[in-house]
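Below is a short report on one protein chain.

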Amino acid sequence: IVLNNNLSYTISDDLRQRIDKGEDIIVAPVGRDIELQFPIKEIIDHYNANSGSLAVVNSLSFDIPAEKITNDYGIQPPKDLLLILSDKKEDFFLRSELNNNVTSFYASYDSANRRYRFSGMREYLLEMLKKTDITPEDYTFTLTPVNIETETNTSNSYYGSSTTYVSAINPYIGAPTMVKLDIPKSKITLTFSKQTLD
């Protein structure tokens, strides 16, 4: 079965004006993604200046504040966002890849704290620490809404334990969705352990 979906979207004048004034607004489906530069060089500089020779990276997370855009149609923020290196985005969807926490990550909208938290970025930092030359392709990311499909595997019915894992990540093509992100107020949290020799 061959499907041919032609989607189009015209951004309202109000949203267009806000975008023109510099607001970071995501609109989907087929509306508007956001490209950003993740400050990995500054993170590495901080780590190198404070870690010493015996250190282990524990975690790296990236919290992006998100604000619902007031509207008359009940349009909500995207449920899930994909953060992916911009030069990997096209192949990611063409090959039906899953997030690998090195070049691609996903986060769900946290309505209580009004944010998207990308919490699994440790492996990305470890890969960047191995590089002698970090280029813009290493830290230029795109944020885009996605549909996340999951499956649950029950491994032990006696104890009732189960594991849920991501089975597919697809471009978002559902009902209209939009959100304003406050990229300048994003919070990056790096934790590491170091050993001090006396």
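Thr144 sits in strand 7 (residues 140–156). Helices (H or I, at least four residues) and strands (E, at least two) are DSSP runs, numbered from the N terminus. The model is predicted: local features need pLDDT of at least 70, side-chain atom pairs count only at pLDDT 80 or more, and totals for chains, interfaces and linings use all residues. Residues are numbered from 1 along each chain as its sequence is written, and side-chain values use heavy atoms, with hydrogens and water left out.

Thr144 is buried, at 7% relative accessible area. Buried means under 20% relative accessible area, exposed means over 50%, and partly exposed lies in between (1.4 Å probe, protein chains only). Not counting residues up to four places away in sequence, Thr144 touches Asp33, Asp80, Leu81, Leu82, Lys89 and Phe93. Contact here means heavy atoms within 4.5 Å. The Thr144 side chain also makes a polar contact with the side chain of Asp33, at 2.9 Å. A polar contact is a pair of N or O atoms within 3.5 Å; within protein, one must be able to donate a hydrogen and the other to accept it, and residues adjacent in sequence count only if both atoms are side-chain atoms.

## Salt bridges

How many salt bridges does the structure hold? There are eleven. The term requires a side-chain nitrogen of Lys or Arg within 4 Å of a carboxyl oxygen of Asp or Glu. Two contacts of Thr144, Asp33 and Lys89, pair up in one of these bridges, at 2.6 Å from N to O. Lys89 lies in helix 3 (residues 89–94) and Asp33 in the loop between strand 1 (24–28) and strand 2 (34–37), so the bridge ties together parts that are 56 residues apart in sequence. Lys89 is partly exposed at 23% relative accessibility. Asp33 is partly exposed too, at 27%.

Asp80, another contact of Thr144, bridges to Lys79, with the closest N and O atoms 3.6 Å apart. Asp80 is buried, at 4% relative accessibility. Lys79 is exposed, at 63%. Arg95 and Asp91 form a further salt bridge, at 4.0 Å from N to O. Here Arg95 is exposed, with 57% relative accessible area, and Asp91 is partly exposed, with 34%. Asp63, Asp110, Arg115 and Arg117 are linked in a network of salt bridges.

## Helix 2

Helix 2 (residues 40–51) has twelve residues. From first C-alpha to last, helix 2 reaches 16 Å, close to the 16 Å expected at 1.5 Å a residue. That expected span is 1.5 Å times one less than the number of residues. Just after helix 2, Gly52 takes a positive phi of about 80°.

Which residues of helix 2 are buried? They are Ile40, Ile43, Ile44, Tyr47 and Ser51. These residues cover an arc of only 95° around the axis, which puts them on the same side of helix 2. The arc is that of the directions from the helix axis to the C-beta atoms. Glu42, Asp45 and Ala49 are exposed on the other side of helix 2. The buried residues pack against strand 3 (55–67), helix 4 (122–130), helix 5 (136–139) and strand 10 (187–194).

## Arg122

Arg122 belongs to helix 4. Arg122 is partly exposed, with a relative accessible area of 29%. Leaving aside neighbours within four places in sequence, Arg122 is in contact with Val56, Val57, Asn58, Ser59 and Leu60. A polar atom of the Arg122 side chain lies 2.6 Å from the backbone oxygen of Val57.

Met178 is 56 residues from Arg122 along the chain, and their C-alpha atoms are separated by 29 Å.

## The whole chain

The chain has five helices and ten strands. Its C-alpha trace spans about 65 × 55 × 35 Å along the principal axes. Of the 198 residues, 33% count as buried.

Among contacts between residues at least 6 apart in sequence, 72% join residues at least 24 apart. The accessible surface comes to about 12300 Å², of which 45% belongs to carbon and sulfur atoms. Accessible areas come from the Shrake-Rupley method with a 1.4 Å probe; for residues, only the protein chains shown count as cover.
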